[in-house]
Structure formats: structure tokens, C-alpha cells
Amino acid sequence: DARAAFEAEKAALEALARTAVPHSQLKAAGDGALVLVRRNLNGWETRKILAEGIKRGQVNGLADLAAVLIRQGATAALGPDAVLWEHWRGQWTLKRGEGFRAGSAWDTLSQLWGWKEGVPDRAAFLSGLRGRLGPASAEWLRVVGEAPARAELRAALDELARRDAARAPPADLSFGPGRSDALFSDEVVSPRALAK
């Protein structure tokens, strides 16, 4: 059992190394010994963060992590004990390779949304996720395509659509020459006037 768990974790970390998913990178593996050497994670424990109240930047970090996994068509173990907030890197990092596998968007979202007091506003979370994936991207269309079978996802997408409809239309953009600034014109001046 220990050998099988070791090989599974090693294979998952090697697979993660070929992705952009933040994780505890494999530095070395024992040859004949059940030893994995990984990057030292320096961050804040998730359960402590949730107890104190998750911050907006940390929710945005969850959207970053979700986007990376959804782009990969993958998921991982994403419970509060399986990820760590790396404050100085501004990202959520997988502590282990455990559970890294092919998966749907809902496999990822359901775990992150399952955190107690983790994602307070799911429609806003989906708005951020849509921005990260791109509203016309195949990945976002996959998220939307999974909604009919998932009531929670469907409700969040419906709320997002209501918010989008209530938002004022953007101002029309027009482009033309910029205003002339007398300080930085192409007028030739003397060195004395320039110094002044």
C-alpha cells in the first residue's frame, strides 16, 4: 500500500510539473526508498483563513486556481486541508499531487464552493472566472454547458446573467488625436528656456 501511494503521488507531481497549476513541486524522489522531496511551502493554513474570514484577494486567488485547472481539463483534491495560501506569491497552492486527474469544471467548482464561508458570492466568482477564461473560450463554454445538470452552477449563472443585464452599457469609445500639451510640444526652445 505504501509503495502504491508513493508511486501515485510521484506520478501526480510529475504530471503537475507539466502544467501551470501551483503545487509543491517535486525536487527529487528516492530510488528504492519511499522518499519524495518537494518545494517547501511557506503560507497560511486554509482553515485558519476561513475561521478569520477569507479576503477578496484570496477569493480572486481561488478563481485563478479554478481557471488553471479548468484550462487543463483537470481537477485535484481541493479541500481546505489540501491547499495552502502562499501570501507572498498571492496564490493558492496544492500541498500534494493527491487527486490530480482529468475532471470537469464542476469537479473543481463544487470542491471550492464546498468550503464553509469560502466563496460568499458565487455569481461574482463566476464573473471573475469568465474573465480569466474568456467569455468566448471553449473552457467557459464547457462551464456553461455543465450548468443544466448542476442546480448550484445553474443558479449562480442565472444570477450572473441578471447582473449582466442590469449593468449599464459601456460608453462608446472614440479615438482621435490627443490634446496638445504645451509642456511637451515639439517646439524648439533654447537650453536656457528648457532649464527654466
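Which residues line the largest pocket? The close-up views below come from a predicted model, and View 1 takes up this question.

**View 1. The largest pocket and its lining.** The lining is made by Arg56, Val59, Asn60, Ala63, Val119, Pro120, Asp121, Ala124, Phe125, Gly128 and Arg132. Two elements give two or more residues to this lining: α3 (56-72) and α5 (122-133). The space inside the largest pocket is about 210 Å³. By residue type, the lining holds six nonpolar, two polar and three charged residues. Rolling a probe the size of a water molecule over the atoms shows where empty space is left.

**View 2. The largest nonpolar core.** This core has 44 residues. Which of them touch the most other members? They are Trp92, Leu109, Trp113, Phe125, Leu126, Leu129 and Leu153. Helix α3 supplies the largest share of the core, nine residues.

**View 3. Trp113 and its contacts.** Leave aside its neighbours within four places in sequence. Trp113 is then in contact with Trp106, Val119, Arg122, Phe125, Leu126, Glu152, Leu153 and Ala156.

**View 4. Helix α6 crossing helix α7.** Two packed helices are described by the angle between their axes and the distance between the axes. Helix α6 covers residues 138-146, and helix α7 covers residues 151-166. Their axes come within 8 Å and cross at roughly 115°. From α6, the contact uses Trp140, Val143, Val144 and Glu146. From α7, it uses Leu153, Leu157 and Leu160. The contact of α6 with α7 is made up of six nonpolar residues, no polar ones and one charged.

**View 5. Glu146, a charged residue at the helix crossing.** Glu146 sits in helix α6 and takes part in the contact with α7. Is Glu146 buried or exposed? Glu146 is buried, because its relative accessible area of 16% falls under the 20% limit for that word. Leaving aside neighbours within four places in sequence, Glu146 is in contact with Ser104, Ala105, Trp106 and Leu153. Consider Ala105 in particular. Glu146 and Ala105 are 41 residues apart along the chain, yet their C-alpha atoms are separated by 7.7 Å.

View 6. Leu141 counts as exposed because its relative accessible area is 52%, and the word applies over 50%. Not counting residues up to four places away in sequence, Leu141 touches Pro135 and Ala136. Leu141 and Arg130 lie eleven residues apart in sequence, and their C-alpha atoms are 9.4 Å apart.

**View 7. Thr108 inside helix α4.** Thr108 belongs to helix α4 (residues 105-113). Beyond its neighbours within four places in sequence, Thr108 is in contact with Ala66, Leu69, Ala74, Thr75 and Leu78.

**View 8. Arg71 of helix α3.** Arg71 is in helix α3. With a relative accessible area of 42%, Arg71 is partly exposed. Leaving aside neighbours within four places in sequence, Arg71 is in contact with Arg132, Leu133 and Glu139. The C-alpha atoms of Arg71 and Ala105 are separated by 9.0 Å, though the two residues are 34 apart along the chain.

View 9. Glu117 lies in the loop between α4 and α5. Glu117 is not a glycine, yet it has a positive phi of about 60°. Its relative accessible area is 53%, so Glu117 is exposed. Gly43 is in the loop between β2 (36-38) and β3 (44-45). At 28% relative accessibility, Gly43 is partly exposed. Gly43 is in contact with Leu84, Trp85 and Glu86, leaving aside neighbours within four places in sequence. Gly43 and Ala33 are ten residues apart along the chain, and their C-alpha atoms are separated by 28 Å.

Key
Residues numbered from 1 in each chain as written. Predicted model: local features only at pLDDT ≥ 70, side-chain atom pairs only at ≥ 80, totals over all residues. Heavy atoms only, no water. 1 Å grid on protein atoms, 1.4 Å probe; cavity = no way out; pocket = protein on both sides within 12 Å on 5 of 7 lines; lining within 4 Å. Points joined across faces, edges and corners; volume = space filled by probe spheres on them. Helix = DSSP H or I, 4+ residues; strand = E, 2+ residues; numbered from the N terminus. Nonpolar A, V, L, I, M, F, W, Y, C, P; charged D, E, K, R; others polar. Axes fitted to C-alpha atoms, helices over the stretch in contact; angles between N-to-C directions. Contact = heavy atoms within 4.5 Å. Core = buried A, V, L, I, M, F, W, Y, C linked by side-chain atoms within 4.5 Å. Buried < 20%, exposed > 50% of the residue type's maximum accessible area, 1.4 Å probe, protein only.
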